[in-house]
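I opened the model today to look up a few local features. My notes follow in the order I took them.

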Amino acid sequence: MKLFTVGPVACYPIVLKTMSQQMYSHRSDEYKKIHYDTVDLLKKWLETENSIYLFSSTGTGFMEAAVRNCVKDKLLVCINGDFGKRFAEVGKSNGKQVEILEPALGDPITPQGLDDALKKNPQVEAVAITHNETSVGLINPLRELCLIAKKHGKLIFVDAVSSMGGTEILVDDWGIDICFSSSQKCFGVPPGLGIGSVSKKCLQIAEKMPNRGYYFDLTLWEKDHQRGQGTPVTSVIPQIASLNAVLHMVEEKGGKKWYFDLFNRRNTKIRRAVKKLGTPVYPKRGYESPTVNCIKAPKGVPGKKIYDEMRLKGYELAQGYGALKDVTYRIGNMGYIPSLSLTSMLEALKEVYASI
Ligand SMILES: Cc1ncc(COP(=O)(O)O)c(C=O)c1O
């Protein structure tokens with residue numbers, strides 16, 4: 001099966017090779033070397049001086065860490081779909097008050113909308129933004145939203161699970177306090193690793209935060225990061241070694257710009273082909289994701305039908321998600337996608353459209 005999923009995605013050959021290596025201790029010199037090299041490469045990628053932690057959890061662990069360590073009472077969550085809703089749930093289930101900014105489905109969070117919401121809710125301590133809403137295939141204007149949140153003096157938490165690696169995020173320049181992702185998306189590594197940067201301001205707040213728990217206590221992660229230990233818990237060594245291999249592969253091929261261009265080239269091809277088939281992508285024009293295409297199924301055809309027919313031809317796309325489950329299907333543009341597979345997948349899609 002050729003994967004055009006939205007995560008977990010197909011892994012690079014170098015990742016499959018790395019994953020098959022014998023284990024070593026997460027306290028060994030071999031591990032520490034790989035850990036800190038990966039951290040340095042990620043710092044360079046995100047252009048940040050903030051600490052980078054490699055959680056032995058998926059990206060959602062960083063949602064929990066952000067609200068438990070850095071929010072005493074209240075946060076504002078921007079919602080464009082199911083993953084924004086999850087951030088709000090994480091806040092509520094940790095006993096925080098959650099204000100919501102939720103435009104119509106398919107519309108982005110606008111700077112004006114965020115400005116108004118923060119004027120209405122001046123007491124929120126932080127703003128949570130899903131950079132790329134995977135369920136809708138929508139990308140928010142993150143840089144502009146960060147400018148507004150900073151103008152109001154708020155902490156900024158960014159769920160970059162399906163954007164980190166696939167498009168530019170400048171953590172320090174844009175003033176992002178916590179920016180996190182998961183290994184199984186743009187970097188083409190198996191699931192299990194949460195990747196996130198955390199600002200000094202967050203660490204200072206965390207020091208004084210009661211009930212911040214243990215597993216995601218950022219002060220523990222910082223202590224072990226600073227003393228050269230890497231992580232306070234057992235690290236997901238195969239995923240970290242694989243991420244390290246992918247980051248080096250990208251460096252050798254021309255760096256992150258080369259990688260972003262690859263995403264753009266592939267997605268332009270997908271978009272053009274889908275447009276020719278007469279079915280538009282879901283979000284408002286100008287906010288279409290570079291990593292996930294959420295496509296309206298042809299009139300009267302359930303999205304699952306396209307998904308099922310493509311599976312029969314050997315291609316695993318993704319079904320619609322949440323509110324759009326029945327009326328859309330999704331084509332992922334992340335991880336290992338050889339160019340010939342992309343061409344043949346688009347041919348197969350044309351045949352499926354002709355047959356329904
Ligand atoms: C935007 C977004 N946020 C959060 C998540 C949850 O990530 P994880 O399952 O790695 O915790 C996903 C997973 O698809 C996602 O796409």
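**Helix α6.** I am working from a predicted model. I began with α6, residues 142-151, and listed its buried residues: Leu 142, Leu 145, Cys 146, Ile 148 and Ala 149. They sit on the same side of α6, because they cover an arc of only 160° around the axis. I then looked for their packing partners. These are α5 (111-120), β5 (126-130), β8 (155-159) and α7 (171-174). Past the helix I checked Gly 153, which follows α6 and has a positive phi, near 70°.

**Helix α11.** Next I took α11, residues 255-276. I noted 22 residues and a reach of 33 Å from first C-alpha to last, close to the 32 Å expected at 1.5 Å a residue. Its buried residues are Tyr 259, Phe 263 and Ile 270. Down the axis of α11 they fall within an arc of 35°, so they line one face of the helix. The cover over these buried residues includes α10, β11 (292-296) and β14 (328-332). I also looked at the face of α11 turned away from the buried side. It carries exposed residues, among them Trp 258, Asp 261, Arg 265 and Arg 272. Just after α11, Gly 278 takes a positive phi of about 85°.

**Two domains.** I looked up the domain assignment: domain 1 spans 13-251 and domain 2 spans 255-355. Their centres, taken over C-alpha atoms, are 26 Å apart. The contact takes 25 residues from domain 1 and 26 residues from domain 2. On the domain 1 side, I asked which elements give two or more residues to the contact. They are β7 (138-139) and α10 (237-253). By class, I recorded eight nonpolar, twelve polar and five charged residues on that side of domain 1.

**Around the ligand.** I listed the residues around the ligand: Gly 7, Thr 58, Gly 59, Thr 60, Phe 83, Thr 130, Thr 134, Asp 159, Val 161, Ser 162 and Ser 182. By class, the shell has two nonpolar, eight polar and one charged residues. I stayed with Gly 7, as the peptide bond from Gly 7 to Pro 8 is cis, with omega near 0°. Pro 8 is in the loop between β1 (2-3) and α1.

Most residues other than glycine have a negative phi, and most peptide bonds are trans. I noted two residues that depart from the phi pattern. Glu 47 has a positive phi, near 50°. I placed Glu 47 in the loop between α2 and β2 (51-55). Asn 211 also has a positive phi, about 55°. I found Asn 211 in the loop between α8 (200-207) and α9 (218-226). Is Asn 211 buried or exposed? It counts as exposed, because it has 9 C-beta neighbours inside 10 Å. Glu 47 has 14 such neighbours inside 10 Å, so it counts as partly exposed.

**His 26.** Last, I looked at His 26, in the loop between α1 (13-19) and α2 (29-46). It counts as partly exposed, because it has 19 C-beta neighbours inside 10 Å; the cut-off for buried is 20 or more. What does His 26 contact, leaving aside neighbours within four places in sequence? I found Tyr 31, Gly 230, Thr 231, Thr 234, Ser 235 and Ile 237. I also checked Gln 229: it is 203 residues from His 26 along the chain, with 8.7 Å between their C-alpha atoms.

Note on methods. Residues are numbered from 1 along each chain as its sequence is written. This is a predicted model: local features need pLDDT of at least 70, side-chain atom pairs count only at pLDDT 80 or more; totals for chains, interfaces and linings use all residues. Helices (H or I, at least four residues) and strands (E, at least two) are DSSP runs, numbered from the N terminus. A residue is buried if 20 or more other C-beta atoms lie within 10 Å of its own, exposed if 12 or fewer, and partly exposed in between; C-beta atoms are placed from the backbone. Two residues are in contact if their C-beta atoms, placed from the backbone, lie within 7 Å. The arc is that of the directions from the helix axis to the C-beta atoms. Domain bounds come from an automatic or database domain assignment. Ala, Val, Leu, Ile, Met, Phe, Trp, Tyr, Cys and Pro count as nonpolar, Asp, Glu, Lys and Arg as charged, and the others, Gly among them, as polar. A residue is near a molecule or strand if its C-beta atom, placed from the backbone, lies within 6 Å of it. The expected span of a helix is 1.5 Å times one less than its number of residues.
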